[in-house]
Amino acid sequence: MNRMKYSPDSFRKIMLLFLVLTLIYACILTTSAESVVSISPSSQSIDANQEFDVYIKIEPETPIAGAQLDILYDPDMLSVSSVNEGDFFKHDGTMSIFIGGTVDDSQGRVNGLFAVTLGKAEITTEGTFARITFTTSDTAGDCAIGISNVILSNSDGLSVPVTTHTAQVTINENMPSSQIDETTSSSGGGGGGGGDTGEDVNNIALKEVKKLYIIADSDVIYSFDENSNPISSVSYRSLKNAGFITSTIEVLKDVSSTVSENPEGLIYRNMNIWIGKAGYATGTNMDDMRISFVVLKNWIRVNDVDSGNINLKRYHAGKWETLDTEITGEDEDFVIFEAKTPGFSPFAITAETPSDDMEDEVLLNDGSDSKITYQEEEESISIENSVSGSTETSSAKLAQNSSLLLCTSMLIISLFRRGKFI
């Protein structure tokens, strides 16, 4: 029997080709591995005028340190009651910051849900990113809930591949009035004022209160230390003896309920800042009023924002005014700012972004005869009611890499048959 003999040089070439083939296969596995962001449950049936919850789940294929996304829904069929943090970025005692985004029921959007770990910690265990509570309208039919502008990033701020799954809600018709039991009743109505500040209690995500004894001709500094509070300190020069005075920060889920319009720009956080009781925070009692606040570097990077374009805005006398704001420092996770203010009231930390003249229309098909059109800032997406196991993008990547592997293998076989490596 004839046996094929290989010279040492031929053997080295064969091993080199084997190594190249192994590296190509490893690249295929890396490229096609995508984390999954999905809405759970994928489908449910809810009665009209009822509340229900959906959960934004993250299944990380690679370590995750930050996440940002928007939620889309039909504003004629659903409204958002609340947005709450999940457990995903809290695994193993991880320190993190969560921002519930801005709810816009008129457009059917929750913009800018955002969370990031502190100290470059990374998450590898699947979990719930956020819980969103919706309220159905009295319009019956099928309604899709979609995800857009999804960005998952690692501890270096680099985005990782992601696949998204949507969900569908079926709103049941109201029963005819003749079939309703007259002995039953349901309570409704929203939350009222937030106590002594006048803010809607349902709009307050965090409240932090500090108390100091104030004397004349002294520098007063209220320091705040809650992780989810972007305000690090409030300071002023006291002009009179005042005794014990409290400083209250209300970090809000949305723009203050006492405000008639949103500020311009990309909103990082909304908050109310109050010093003392009504009538105390005036020029006769204090001077040189300043607010120090922080903004996550990860949020700045993900939203492609210039730190120099971040400002603190104050709502006063029926309009928003931009305060004199400057960068005063930074650390591993935050950029630190300070703004001068003439008084205390509702505030918003905002970033100026380049205006996008080209707005793409996003078509959301709810499976019925009607179609809802949304304005999407960066990309055009089509949200399907059924949940698919993978995206066309990931399939295309896998097909492309498989073709590369096949061509390489065929080349090697061809060369062997021609005796090039023997």
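Reader: Is Tyr 268 buried or exposed in this structure?
Author: In this predicted model, the relative accessibility of Tyr 268 comes to 5%. Buried means under 20% relative accessible area. By that cut-off Tyr 268, at 5%, counts as buried.

Reader: Which residues does Tyr 268 touch, leaving out those up to four places away in sequence?
Author: Tyr 268 lies in strand β17, and contacts with residues up to four places away in sequence are not counted here. The residues that Tyr 268 touches are Ile 99, Pro 230, Val 294, Val 295, Leu 296, Trp 299, Ile 349 and Thr 350.

Reader: To which backbone nitrogen does the side chain of Tyr 268 reach, and at what distance?
Author: Leu 296 is among the residues that Tyr 268 touches. The side chain of Tyr 268 reaches the backbone nitrogen of this residue, Leu 296, at 3.3 Å.

Reader: How many aromatic pairs does a search of the whole structure find?
Author: The search covers the whole structure, and the number of aromatic pairs that it finds is 10. Why is the pair of Tyr 268 and Trp 299 classed as it is? The ring centres of Tyr 268 and Trp 299 are 4.8 Å apart and their planes stand at 65 degrees, so this pair is edge-to-face.

Reader: How many residues apart in sequence are the parts that the pair of Tyr 268 and Trp 299 ties together?
Author: Trp 299 is buried, with a relative accessible area of 4%. Because Tyr 268 belongs to strand β17 (residues 266-275) and Trp 299 to helix α2 (residues 297-302), the pair ties together parts whose separation in sequence is 31 residues.

Reader: What is the geometry of the pair formed by the rings of Tyr 315 and Trp 320?
Author: Tyr 315 counts as buried at 11% relative accessibility, and Trp 320 likewise counts as buried, at 16%. Since their ring centres lie 5.3 Å apart and their planes are at 65 degrees, the pair is edge-to-face.

Reader: Which strands stand at the edges of the open sheet, each with a single partner strand?
Author: The open sheet is formed by 5 strands in the order β5-β9-β3-β1-β11, with mixed pairing. One side of each edge strand is left without a neighbour in the sheet, because each has a single partner, and these strands are β5 (78-85) and β11 (162-165).

Reader: How many bridges join β5 to strand β9?
Author: Strands β5 and β9 (residues 127-136) run antiparallel, and Leu 78 stands opposite Thr 136 in β9. The number of bridges that join β5 to β9 is 7.

Notes. Residues are numbered from 1 along each chain as its sequence is written. This is a predicted model: local features need pLDDT of at least 70, side-chain atom pairs count only at pLDDT 80 or more; totals for chains, interfaces and linings use all residues. Side-chain values use heavy atoms; hydrogens and water are left out. Rings of Phe, Tyr and Trp (its six-membered ring) pair if their centres lie within 6.5 Å; planes under 30 degrees apart count as stacked, over 60 as edge-to-face and the rest as tilted. Helices (H or I, at least four residues) and strands (E, at least two) are DSSP runs, numbered from the N terminus. Buried means under 20% relative accessible area, exposed over 50%, partly exposed in between (1.4 Å probe, protein chains only). Contact means heavy atoms within 4.5 Å. A polar contact is a pair of N or O atoms within 3.5 Å; within protein, one must be able to donate a hydrogen and the other to accept it, and residues adjacent in sequence count only if both atoms are side-chain atoms. Two strands pair if DSSP finds at least two bridges between them.
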